[in-house]
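Subject: Structure for you to look at

Dear colleague,

Here is the structure I said I would pass on. My notes on it follow below.

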Amino acid sequence: MGELQQNLTQYCFSETSRMLLQHREMQFGAITFFAKEHKGETCGSNGLPLTPNSIIIFGRAQLLKTIKHPYLCEYLDIIRGKHERTIVVSQYCGEPLSHYLAKNELSIEDIKRIAHQILLGLNELHDRNIVHRNLSTDNVLLQENKDVKLFNYGLFYMTDHGKLVSFPILKTLYAAPEVYLDGLNNLSNSKADMWSLGIILTELVLDKPLWNTLKLSQCIRKILSLMHGTTSIFERIIREHNCYEKYQLLPPDLKQLIEDCLNILPKNRPTTKQLLERDIFKEFQNGKTNSKNKIYQTFDTFTLKELYYWWQLAGGDVFLELKKQGLIRSSPPVLSLPNMILIEGAVLGQERNPATLYEPRIVQMPLDTLYQRFAHIPLSSYYPLIHSKSEIIEKFEPPSYDASDLPLVIREKDPEYQFHRTILFRRLLHGYPFTRNRIIKEAQVDIPPLLRGEIWAALLNIANNYEKEYVEIDKQTSTITDRQIEVDIPRCHQYNELLSSGVGHQKLKRILKAWICKNSQYVYWQGLDSLTAPFLYLNFNNEAKAFACLSAFIPKYLHNFFLKDNSVIIQEYLAKFSQLIAFHDPVLANHLQNINFVPELFAIPWFLTMFSHVFPLHKIFHLWDKLLLGDSSFPLHVGLSILTQLRDTLLNSGFNECILLFSDLPEVDIEQCVCQSLETYNSTPKSITSRSHQNAENASELHITGITVQELNREKCSRISANDVVNLVRNFPHKIVIIDIRNPLQFSRCCVKGSVNIPCSSVTFGDANLDSFGVHSGLLKNAQNKIIIIVGTEETDLELFPKFLLQCNIPKVCVLHGGFNVLLPITPTVLITQNQI
Amino acid sequence: MANRTSTAQRPNGATQGRICQFKLVLLGESAVGKSSLVLRFVKGQFHEYQESTIGAAFLTQTVCLDDTTVKFEIWDTAGQERYHSLAPMYYRGAQAAIVVYDITNQDTFGRAKTWVKELQRQANPNIVIALAGNKQDLANKRMVEYEEAQAYADENGLLFMETSAKTAMNVNDIFLAIAKKLPKNEQTTGPGGSGQGRRLVEGDTGAKTAGNCCK
Ligand SMILES: Nc1nc2c(ncn2[C@@H]2O[C@H](COP(=O)(O)OP(=O)(O)O)[C@@H](O)[C@H]2O)c(=O)[nH]1
Ligand SMILES: [Mg+2]
């Protein structure tokens, strides 16, 4: 409650948007290094090329982005450059302790506080099995309020304990003795960090850097020499530095702590937990609530990750900054020529200069451009109004930043627009599930890429217990499907760094296995991998959520597609697809029919994977952004719009050219595709695309049942439900033409309001020519995109008539399902009887 | 469809004799390299991260044999057992098939044998079947002996080669060997079985081919 009030007060009185944006901790910097290059062998045992180490690092480092802790710098981004260069962007604020020490002295009280905070930071890491290994006064950053933040703590972890780089990850002097002895790479004991802490604290209490006059090798020798002898190492270091008086003045608990950290045997050093429990830190424990016990999540107006994202959109470029600072230097290519290349391809000579493998400097990223760009944004824009019943209050909202006319790709690149969208969606997501309707409404405008994963989850109605469910599923036991999954994963969206990384492969495999295990009625069909990829990409650090999204997506859009025998489901789907083409584009439908270019030959991968097998990820995102707002018929419209985009080519091609076109799908303009899909989706009565195999849960009113696939394939025009017809007659009479094909006697007795009688028997179905309709041909010619509903009865042939219209290239022809009689019981009636005429 | 005689105008201006059009289908367990073989044959490329095939893919390629131009209409099928039910749609009416296995995986060889049996039972009786032991470049991890496969091929009257889509070894050769073995005077059937899609083809070289084979 106190916090809330404080927030409010701040909001009303003291804060300005500048203070929000330019918060001291909202800053970041980058470091860079080279991953180890593969030498010699370039193929793994499966014949596939070895994954570059920089990609493996890229995959491993993702986890670090999830760590949020007051005493740890937040990881923001990993960027891969040429030649295995890796750039790591993370929060960087305050001043390295080493700099501070050179100028100032710390009180014992400060030192205790710092020790406590470093321990809390380390504790968080050790809990996650991450060893810092690189702890020194250089990467403990002191903030203005004398809090600390640990920096660069993930290097050892992301490089798989240093195995993926060819430089040692340690800081001499601070590294524990066993680090030197045990080979440089393999040791990952968290106790090494305790030693480093001991050294740091020694420096702090002595207020001087240790052995700073020694050369590197001497320094290492010095450390190793500490291993001999039995007296306290701490005391020996003190004596070497002639500071015994200071030592004697130290409070015993602090002395003991340092002493324990500097134990030569790792196993005898205390753990972070043990130290945190000591009395020395008692004073820091009370007053602060344990963040894990809070009943509500604190809400940040925006996060550092978002700031970084906006910074990039506003032109910020990490690579460029590193270049400016001389951290990335390009040397003329002639200097990097190898000395010799063997015929088999092995390259000799021109090793990379080891001195450039790791660059210890940190480059702070300048934020001025962003500050200027956002300077005019008023404070109230940081707190957009979500919900208000008061017009007066609403009036004081700043006018919204209008970019709705701009193309989506431009909107996504506009920092200011993304600022507003992100701020708004963060708020809405914070209130999920109660704000779900608002989320849907805003998602119809567009979805800010940075929050796409969470927004999708909200659109898919994911409940918050998904983690527990995922944990409980068996993802390990081997099954007969494993081989198929294993050969498919290295072929699934591998152009993408995340999905091609080792961690990506493992995660994808687990999710797939989990899905198979949980849905025993279904089986793994090739394509399920592609379908999972977008969810995994967006929730890379939250496998359970990716799984939950997949699990919600499939019943909604691909109900029963993954049955072992899914042929009826697919056949019905494809038949419906053909009918939809005929409904909107009879010319194309007739052409495809003539050349026998049936959807079975090209559309199965489209629908089975909801296009995730045929488009790259960035296109899938935009497509699914809209798909998730539609129902299970939306994909049919997407399929139609793809055909429409390629229409001219298709119309001028024969079978072979058409099928070739789809074997290697040409560039499809996704925004156009999405717009057109939405247009037909909104203008098509729902029953036109209803399927008997769609998920009954989300089929609101299923009025067309009991039609076999054979019938569907025969009927070239779709059926329309009585419900849709009644709705059209009542509300949109100007949008329809009703053709009653019963005989005139029946018609005159009773008919639908506004319908026209063209008895089946009066038409000669010869050449596809509208003139066969005699006086009514004009009506049909001028129908101009009206929906043409054929009404007949059991006796009238309900196939011939619509088929003939289709052959005449008349669009939007459909047949009332169940015939005229289904309209009889409907009240209030849409019929008129003889006496009314 | 009308039987038309045509002469193909090659880009270099040389006039070829007859044009034959054949439907060829690739079958075999998933990930043995079917798509890779086709890609190598048609485009001369190899993708390490070849995407998996869902349903089937269609490609064409023309080869020249003496005075005959042979145009292959190639159906590359999905390998997963589940997609089996779709397979007949593609091998029905095919004049040739390449059954592929991976020499580093014994199971895929077993699967290849099943495909051969199915083709012998269900496909066009005159179908020319070739057996391809792919990934020959990984011979150091070989699990299927050359002799074993050769003996099996001999027993069943199959063409046989070990191939590598990666190094291109024997890829063109296996298609050429099939082209040689195919009868050049019989009727051919278009793709999709039952005469589906057998339409006049306007080739980009200006060649006109009819659904029927050689003239
Ligand atoms: N080393 C090697 N790998 C191959 C060869 N052919 C295919 N591959 C790889 O094997 C995997 C599966 O190939 P793919 O063509 O998709 O197999 P398909 O499922 O039968 O179509 C891919 O990763 C290919 O890169 C080959 O001749 N040699
Ligand atoms: Mg394939």
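Which residues does Ser90(A) touch, not counting residues up to four places away in sequence? In this predicted model, they are Phe28(A), Gly29(A), Cys73(A), Glu74(A), Tyr75(A), Leu76(A) and Phe151(A). Ser90(A) itself sits in strand β3 of chain A, which runs over residues 85-91. Its relative accessibility is 4%, so Ser90(A) counts as buried, the cut-off being under 20%.

Chain A overall

Chain A has 837 residues, 53% of which count as buried. It is built from 41 helices and 16 strands. Along the principal axes, its C-alpha atoms fill a box of roughly 120 × 75 × 50 Å. The accessible surface is about 38,200 Å², and carbon and sulfur atoms account for 52% of that. If you take the contacts in chain A between residues at least 6 apart in sequence, 74% of them join residues at least 24 apart.

Annotated spans in chain A

An unreviewed entry places "domain: Rab-GAP TBC" at residues 446-631 of chain A. In the model, that stretch is 60% helix and 0% strand, with its end C-alpha atoms 18 Å apart. The annotation "domain: Rhodanese", also from an unreviewed entry, covers residues 732-832 of chain A. Here the chain is 19% helix and 21% strand, and the end C-alpha atoms lie 17 Å apart.

Nonpolar cores

The largest nonpolar core has 261 residues. Phe553(A), Phe562(A), Trp606(A) and Ile789(A) have the most contacts inside it. Helix α8 of chain A (residues 191-206) gives the most to this core, namely ten residues.

Trp606(A) and helix α33

With neighbours within four places in sequence left aside, Trp606(A) is in contact with Phe577(A), Phe611(A), Val614(A), Gly639(A), Ile642(A), Leu643(A), Phe662(A) and Leu665(A). Gly639(A), Ile642(A) and Leu643(A) are among the buried residues of helix α33 of chain A. That helix covers residues 634-645, and at 1.5 Å a residue its twelve residues should span 16 Å; the end C-alpha atoms are 17 Å apart, which agrees. Ten of the twelve residues are buried, so α33(A) is largely enclosed by the rest of the structure. Phe634(A), Pro635(A) and Leu636(A) are also among those ten.

Chain B and the magnesium ion

Chain B has 215 residues, of which 58% count as buried. Five helices and eight strands make it up, in the order β-α-β-β-α-β-α-β-α-β-α-β-β from the N terminus on.

Which atoms coordinate the magnesium ion (ligand 2)? They are OG of Ser35(B) and OG1 of Thr53(B), at 2.0 to 2.1 Å. Ser35(B) lies in helix α1 of chain B (residues 34-43) and Thr53(B) in the loop between α1 and β2 (56-65), so the pair ties together parts that are 18 residues apart in sequence. Both Ser35(B) and Thr53(B) are buried.

Regards

Methods: Residues are numbered from 1 along each chain as its sequence is written. Chains are lettered from A and ligands numbered from 1 in the order in which they are written. This is a predicted model: local features need pLDDT of at least 70, side-chain atom pairs count only at pLDDT 80 or more; totals for chains, interfaces and linings use all residues. Side-chain values use heavy atoms; hydrogens and water are left out. Helices (H or I, at least four residues) and strands (E, at least two) are DSSP runs, numbered from the N terminus. The expected span of a helix is 1.5 Å times one less than its number of residues. Buried means under 20% relative accessible area, exposed over 50%, partly exposed in between (1.4 Å probe, protein chains only). Donors are N, O and S atoms within 2.8 Å of the metal (3.2 Å for Na, K and Ca); water is not among the atoms, so sites may look incomplete. UniProt positions are given in the numbering used here, feature names are shortened, and annotations may be inferred rather than shown by experiment. A nonpolar core is a set of buried Ala, Val, Leu, Ile, Met, Phe, Trp, Tyr and Cys residues joined through side-chain atoms within 4.5 Å. Contact means heavy atoms within 4.5 Å. Accessible areas come from the Shrake-Rupley method with a 1.4 Å probe; for residues, only the protein chains shown count as cover.
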